Amino acid sequence: MKKLLYLAVLCSAGFYQAQAQQQTAKKPLTHDVYDSWKGVDGEKISNNGKYVLFNVNPQEGDGELLIRDMVTNKLTSYPRGTKASFTNDSRYAVFQVKPEYQKVRQLKLKKKKADDLPKDSLAIVMLESMNVVKMPRVKSFQLPKDGNHFVAYHLEKELPAKKDAKKAETTPAATEEKKAEAAKPAVAKKAPKKNKKYNGTELVLRNLQSGQEKRFDRVIDYTFSEKGNMLYFIKDELDSLHKAGVFAVSTADLKVMPIDTGKVSYKNITPDKAGEQLAFVATNDTLEAEIRYFALHHWTRKDNHKIILADTARAGMPKAWMVSEHGKLNFSEDGKRLFFGTFPRPTRYEKDTTQLEEDKVSLDIWTYKDPLIQPMQLKNKDRDLKQSFLAMYDFKGKRMQQLATLEIPDVYLDAYGEGDVALGVSDEKYKMTIGYDTPTKKDAYLIDLKKGTRKQVLNETRGYPRLSPKGNYVYWYEPTDSSWHTLATKGGKNLNLTKKLGVAFYDESNDVPALPSSYDFAGWVENDSYLLVYDKYDIWKLDPTGKKAPLNLTDKYGRQNKLSFRYEMLDEEEKFIPENATLYLSAFNNKDKSGGYFRDYVSKEVQPEKLVMSPNSYVRLRKAKNENRFMFRKGSFQEFPDLYTTTTTFDKPTQLSNANPQMKDYLWGTVELVNWKSTDGIPLEGLLYKPENFDPNKKYPMIAYFYERSSDELHAHKTPAPSASTVNISYYVSNGYLVFVPDIVYKNGYPGESAMDCIIPGVQKLVMQGFVDEKNMALQGQSWGGYQIAYMVTKTNLFKAAMAGAPVSNMTSAYGGIRWGTGLSRQFQYEKTQSRIGGTLWEKPMQFIENSPLFFADRVETPLLIMHNDQDGAVPWYQGIEYFMALRRLNKPVWMLVYNGEDHNLMQRKNRKDLSVRMSQFFDYYLKGAPMPIWMKKGVPTILKGKDYGFELEPQPQPEPEVASEVNQ
């Protein structure tokens with residue numbers, strides 16, 4: 001297939017390549033460049049700010065890990081390095097090394113088993129010298145969160161010993177071993193029975209400074225304490241003499257302490273923050289048991305003592321409930337509480353030994369009383385089987401308390417787990433409405449962690465209530481009144497904090513028939529003193545007690561300058577924003593779409609200070625923990641978003657990566673913001689991508705691609721890559737196309753008409769400028785964009801061709817369909833969200849019909865390419881079938897691509913490459929006059945599926961030779 005793709009690329013590109021190369025030495029992008037186009041990720045900065053590391057990886061093939069010394073500016077490359085981290089003391093970098101891509105691929109072609117393929121290695125780099133030590137066949141490693149000096153790494157299974165009996169017999173060791181065995185008296189020995197499901201492998205604890213290692217066999221799971229003072233691990237059962245167990249190792253003296261042994265299964269080893277306590281669950285029930293009863297165990301290092309805290313017989317466990325093996329274990333910050341999961345004991349069913357498997361009925365029973373419809377139940381089956389309900393063990397009171405219940409399944413704690421209350425949130429009473437009423441209503445309860453009582457505090461809220469970090473307040477955005485609310489957990493009242501501010505805290509661009517969401521929030525200031533929330537532009541500082549007037553933290557600078565400020569959380573584990581914090585803010589200019597960073601302060605009433613602002617996108621701001629060194633990504637359509645570093649001034653950033661220097665060899669293009677008005681006079685924005693060396697006196701073919709609103713992406717980079725479903729803008733612009741990306745504003749009840757009213761005037765304005773070839777324009781879009789295209793081609797013949805991915809063609813049947821990816825009914829989509837009808841099928845039948853392309857298929861004159869895959873979990877693929885069959889019956893030019901086993905958007909790279917070629921061949925044929933490929937001209941019969949891809953282009957008819965006239969003769 002790779003060869004066929006390559007041939008198709010050459011054929012598809014050949015007819016225009018010669019002309020382009022006459023104009024410039026640069027080359028147009030082709031489909032065969034995708035694999036080598038690189039990305040940057042995994043960036044980290046050491047705590048002392050002296051080193052940075054990042055990965056540069058091609059889309060397919062071997063990448064590299066790069067480490068830069070910021071003092072010497074030395075850059076060191078480590079081929080195929082991945083999953084890299086710095087140690088806390090900034091002395092070492094530790095990472096895994098992947099095997100060579102081509103080597104693995106060749107072995108896979110030889111049908112080698114997974115166990116026989118090359119495995120990752122571990123690399124440890126001493127940063128001062130950049131010297132590296134490697135260990136082979138490592139499947140994972142861990143560094144302690146806050147500790148130093150140690151790394152633990154887990155090895156793959158050992159390779160089977162090579163059979164070389166002749167050589168083995170001649171070795172001195174083998175000879176002496178034979179003599180010794182022969183001299184022993186004959187004793188009948190019974191070999192212990194080996195565990196068939198044995199998966200344990202060797203775990204190695206390594207001292208990074210000395211290189212000293214201690215090894216532990218049969219390990220299946222392991223974890224460090226945060227400080228790195230303890231390493232805990234679970235051993236697998238090898239045989240009757242080597243049982244499973246949980247062990248602890250002190251990294252100070254390497255003393256091994258058995259915690260518990262002899263159970264069948266151990267899971268979820270979890271230490272407290274200090275590393276002085278350990279919790280885990282264990283059972284003696286076999287894997288084949290219908291119900292496996294786990295118990296919650298607790299161990300303390302101080303006295304090396306283990307006890308059972310919870311099981312079916314312990315006080316506090318609800319009747320007929322049990323400890324969950326799937327529940328997350330978590331100690332409170334101070335180690336005085338342990339949180340774990342429980343669940344109702346499953347019903348035991350006796351196995352019917354009188355019935356053959358083939359005689360059993362497989363049946364789903366749908367009833368109108370089901371809280372969730374059957375597809376959603378089936379989709380959630382695995383999650384429901386693993387569902388656990390939060391419980392707590394209080395060490396001081398030596399008691400268990402069940403927090404979550406069947407009626408209140410979701411319970412939230414404060415950030416430390418030390419508060420007196422928890423928050424319970426439940427939508428159980430409203431589950432019947434899921435699928436058509438969104439956002440779903442919820443009730444909220446305060447749960448007293450000392451008394452065990454609960455009190456309802458919110459009824460039918462449409463928001464998402466949460467607890468403040470210290471647990472002093474419940475807070476939420478309430479869509480029904482578009483305001484932020486708080487409620488003190490100690491006898492407080494529901495306070496509306498933003499209603500009287502005269503500023504919209506709801507999404508002002510909302511154009512669906514549902515309550516708008518908020519602009520979100522930045523976080524809490526320490527000690528729960530203030531809540532920081534966003535409007536469209538600025539950040540507000542809200543007193544949760546309502547006593548102090550709300551303060552515009554960014555001094556209305558954002559609104560005055562049309563800048564949207566958003567807080568950059570530089571510490572990923574931040575629980576609160578310090579009272580004296582310096583805030584680093586991303587800034588987005590809503591007028592020219594430029595980006596950058598500003599600085600402001602929590603407790604100083606000063607205007608935000610501009611650090612950097614330019615016509616670029618800025619993302620992923622990071623800071624060294626102990627130094628004022630920052631990293632960020634900066635890019636634009638013409639610049640790959642490479643990695644930069646700077647100090648607090650941001651004035652002279654240093655570029656760290658140069659991932660794609662080959663860009664200079666290819667034709668690229670430009671992008672500009674365009675403005676026009678809709679048919680209804682609404683001001684609109686859009687993006688126009690032009691080829692490099694654009695000549696306004698020439699006419700160019702144009703593709704209009706759209707999906708709601710995209711103009712804010714003016715400075716977004718478009719990496720050349722095979723398509724999951726939409727046009728790769730860089731590829732088409734490089735190959736001489738204009739690409740127009742218009743914004744769309746919708747009217748409820750008229751989604752298809754809204755698209756027409758916004759897109760057509762924008763296209764017409766561009767045509768009037770003289771550089772668009774109005775006879776060679778096309779449409780392309782996926783999903784919601786695909787629907788709009790399917791609708792538009794029933795209303796206009798303005799476009800020469802169109803490609804629609806996963807389009808809804810019949811809203812009347814789609815309304816009653818299922819989103820198989822989630823199991824949800826599709827009704828909510830038409831009544832409340834994207835499809836924007838704003839009512840039920842029986843309330844607005846004509847609008848469902850008027851917005852359904854299927855009912856007007858006879859009006860289509862535009863050649864249409866559809867992609868709709870047979871495992872689409874969002875838009876049922878019969879929507880594509882309905883449209884295709886109608887157009888086929890009407891003898892309209894239509895093709896449908898169905899990638900087997902693929903979802904809404906293509907996931908497999910081979911299929912993305914295939915679609916990219918077919919889409920470009922389709923547009924090249926209609927808009928550039930390129931030859932038609934075989935798959936369009938003749939199709940590909942099922943018997944040739946996977947053998948002949950039909951990429952070859954039809955030969956162009958040759959002109960007849962001129963016949964010489966009699967005069968010439």
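Five bridges connect strand β42 (residues 630-635) with strand β43 (residues 642-646), and the two strands run antiparallel. The structure in which they lie is a predicted model. Within this pairing, lysine 634 has aspartate 642 of β43 as its bridge partner. Both strands belong to an open sheet of four strands, ordered β41-β42-β43-β44 and paired in the antiparallel sense. The edges of this sheet are β41 (617-623) and β44 (654-655); each has a single partner strand, so one side of each is left without a neighbour in the sheet. In general terms, the strands of a sheet pair through backbone hydrogen bonds, in either a parallel or an antiparallel manner.

A second open sheet may be considered next. Seven strands form this sheet, in the order β9-β10-β11-β12-β13-β14-β15, and here too the pairing is antiparallel. Strands β9 (138-142) and β15 (256-261) take the edge positions; because each has a single partner strand, one side of each remains without a neighbour in the sheet. On average, and with direction ignored, neighbouring strands of the seven-stranded sheet are turned by 40° against each other. Inside the sheet, strand β11 (residues 201-207) pairs with strand β12 (residues 213-224) over five bridges, in the antiparallel sense. Threonine 201 is found opposite valine 219, which lies in β12.

The discussion now turns to the aromatic side chains. With ring centres required to lie within 6.5 Å, the model has a count of 49 aromatic pairs. One of them joins phenylalanine 922 and tyrosine 926, with 5.3 Å from centre to centre and 65° between the planes, an edge-to-face pair. Both residues belong to helix α15 (residues 909-928), where phenylalanine 922 and tyrosine 926 are four residues apart, about one turn of the helix. Phenylalanine 922 counts as buried because its relative accessibility is 0%, and tyrosine 926, at 12% relative accessibility, counts as buried as well. The pair of tyrosine 949 and phenylalanine 951 is stacked, because the ring centres are 6.0 Å apart and the planes stand at 15°. Tyrosine 949 and phenylalanine 951 are both buried.

Ring pairs also build a cluster, which links Tyr731, Tyr732, Tyr737, Trp895, Phe922, Phe923, Tyr925 and Tyr926. Leaving aside neighbours within four places in sequence, tyrosine 732 is in contact with Ile703, Val727, Tyr737, Val739, Met919, Ser920 and Phe923.

Serine 783 is located in the loop between β49 (772-782) and α10 (784-792), and with a relative accessible area of 14% it is buried.

Lysine 541 lies over the face of tyrosine 530, at 4.4 Å from the ring centre. Likewise, lysine 747 lies over the face of tyrosine 750, at 6.0 Å from the ring centre.

Note on methods: Residues numbered from 1 in each chain as written. Predicted model: local features only at pLDDT ≥ 70, side-chain atom pairs only at ≥ 80, totals over all residues. Heavy atoms only, no water. Pairing = 2+ DSSP bridges. Axes fitted to C-alpha atoms, helices over the stretch in contact; angles between N-to-C directions. Phe/Tyr/Trp six-rings, centres within 6.5 Å; stacked < 30°, edge-to-face > 60°. Buried < 20%, exposed > 50% of the residue type's maximum accessible area, 1.4 Å probe, protein only. Lys NZ or Arg CZ within 6 Å of the ring centre and 35° of its normal. Contact = heavy atoms within 4.5 Å.
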